[in-house]
Amino acid sequence: MNILLVEDDKTIASGLEYSLQQDQFSTVLCHDVASAKKVIAEQLDQFVLCLFDLSLPDGSGYELCKMVKERSDVPVIFLTAVDDEVNVVMGLDMGADDYITKPFRIRELLSRIKSVLRRYQKQPQAKAIIEVDGIRINTLEGKVYKHGDEIPLTALEYRLLLIFANHIGQILSRNQLLEQIWDVAGDFVNDNTLTVYIKRLREKLEDDPKDPTFIKTVRGLGYKVGE
């Protein structure tokens with residue numbers, strides 16, 4: 001399995017490359033944005049995952065992540081020396097799958113890599129039609145129906161519903177939902193906004209929004225749709 005590693009610190013890069021190869025991964029190493037962009041443009045389909053340092057001499061890992069996600073669904077993990085919310089949120093908004101803060105233990109990084117790869121391998125092909133508890137979602141048309149009647153949803157409401165629909169029977173924590181959703185302008189959705197959108201979805205989809213049976217609250221854990 002081939003990994004694209006972009007890290008400007010040659011000592012760290014050398015250690016990472018050695019450890020990844022010892023764990024049966026093959027690597028392509030770049031030390032700056034310019035060379036990484038060339039590799040992404042020409043060889044992206046050869047990689048199972050990308051590891052991007054956030055701070056690079058001629059740019060940042062953000063622009064590399066954006067370039068990858070515009071071309072493919074290859075997972076991206078950020079290596080960052082700055083563990084602050086703004087950087088983490090920006091990376092997740094761009095579609096990054098995880099991040100790890102330097103200094104880190106190599107075993108922890110390998111564990112994160114394998115966890116992300118497992119998630120991608122388990123993802124089923126997107127269904128054209130998803131039906132649960134009287135709600136029908138046509139993912140090709142982006143339309144939602146309740147007992148045959150179309151229910152108009154905003155883009156963010158629809159995106160939130162799709163997250164639930166792709167995890168039928170699973171309890172999703174508020175943090176899990178927040179990690180996967182952003183508003184139409186690309187801004188991060190905060191906890192209060194998530195509460196508002198769950199309320200709006202319930203008002204549109206539930207028979208009795210005050211006693212929800214479609215989007216169920218699992219006290220202390222999160223929310224669940226379906227069994």
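Entry 1. Terms and model.
I take a residue as exposed when its relative accessible area is over 50%, as buried when it is under 20%, and as partly exposed in between. By that cut-off I class D207 as exposed, because its relative accessible area is 65%. I note that the model is predicted.

Entry 2. Overall dimensions.
I looked up the secondary structure and found eight helices and 13 strands in the protein. Along the principal axes, the C-alpha atoms occupy a box of roughly 60 × 30 × 30 Å. Of the 227 residues, I record 41% as buried. I then examined contacts between residues at least 6 apart in sequence, and 57% of these join residues at least 24 apart.

Entry 3. Charges.
I counted 28 positive and 36 negative side chains. The centres of the two sets lie 4 Å apart. Side chains of opposite charge can pair when their charged atoms come close. I list 14 salt bridges in the structure, and three of them are described in the entries that follow.

Entry 4. E7 and K102.
I looked up the salt bridge between the side chains of E7 and K102, with 2.9 Å from N to O. The two residues are 95 residues apart, and the pair links distant parts of the chain. I place E7 in the loop between β1 (2-6) and α1 (10-22), and K102 in the loop between β7 (98-101) and α5 (106-122). What is the relative accessibility of E7? The value is 0%, so E7 counts as buried. K102 is also buried, since its relative accessible area is 18% and the cut-off is under 20%.

Entry 5. D98 and R112.
I next examined the salt bridge of D98 with R112, in which the closest N and O atoms are 3.2 Å apart. D98 lies in strand β7 and R112 in helix α5, so the pair ties together parts that are 14 residues apart in sequence. Is D98 buried or exposed? I class D98 as buried, at 17% relative accessibility. R112 is partly exposed, with a relative accessible area of 25%.

Entry 6. D207 and K146.
I found a salt bridge between D207 and K146, with the closest N and O atoms 2.9 Å apart. This pair also links distant parts of the chain, its members being 61 residues apart. D207 sits in the loop between α8 (191-205) and β12 (215-218), whereas K146 belongs to strand β10. D207 is exposed at 65%, but K146 is buried, with a relative accessible area of 14%.

Entry 7. The sheet that holds K146.
I followed K146 into its sheet. Strands of a sheet pair through backbone hydrogen bonds, either parallel or antiparallel. Which order do the four strands of this open sheet take? I read the order as β8-β9-β10-β11, with antiparallel pairing. β8 (129-132) and β11 stand at the edges with a single partner strand each, so one side of each has no neighbour in the sheet.

I then looked up the pairings in turn. Strand β9 (residues 135-138) pairs with strand β10 (residues 143-146) over four bridges, in the antiparallel sense. K146 is the bridge partner of I135. On the side of β11 (residues 149-150), two bridges join that strand to β10, again antiparallel. There K146 stands opposite D149, and the bridge partner of Y145 is E150.

Entry 8. Turns and positive phi.
Most residues other than glycine have a negative phi.

How many residues lie between the strands in the hairpin of β9 and β10? I count four, and G142 in this hairpin takes a positive phi near 70 degrees. The hairpin of β10 and β11 has two residues between its strands. In that turn, H147 has a positive phi of about 50 degrees, although H147 is a residue other than glycine. I class H147 as exposed, because its relative accessible area is 59%.

D133 is likewise not a glycine, and its phi is positive, at about 50 degrees. I locate D133 in the loop between β8 and β9.

Note on methods: Residues are numbered from 1 along each chain as its sequence is written. This is a predicted model: local features need pLDDT of at least 70, side-chain atom pairs count only at pLDDT 80 or more; totals for chains, interfaces and linings use all residues. Side-chain values use heavy atoms; hydrogens and water are left out. Two strands pair if DSSP finds at least two bridges between them. Buried means under 20% relative accessible area, exposed over 50%, partly exposed in between (1.4 Å probe, protein chains only). Contact means heavy atoms within 4.5 Å. Lys and Arg count as positive and Asp and Glu as negative; His and the chain ends are not counted. The place of a charge is taken as NZ of Lys, CZ of Arg, CG of Asp or CD of Glu. A salt bridge is a side-chain nitrogen of Lys or Arg within 4 Å of a carboxyl oxygen of Asp or Glu.
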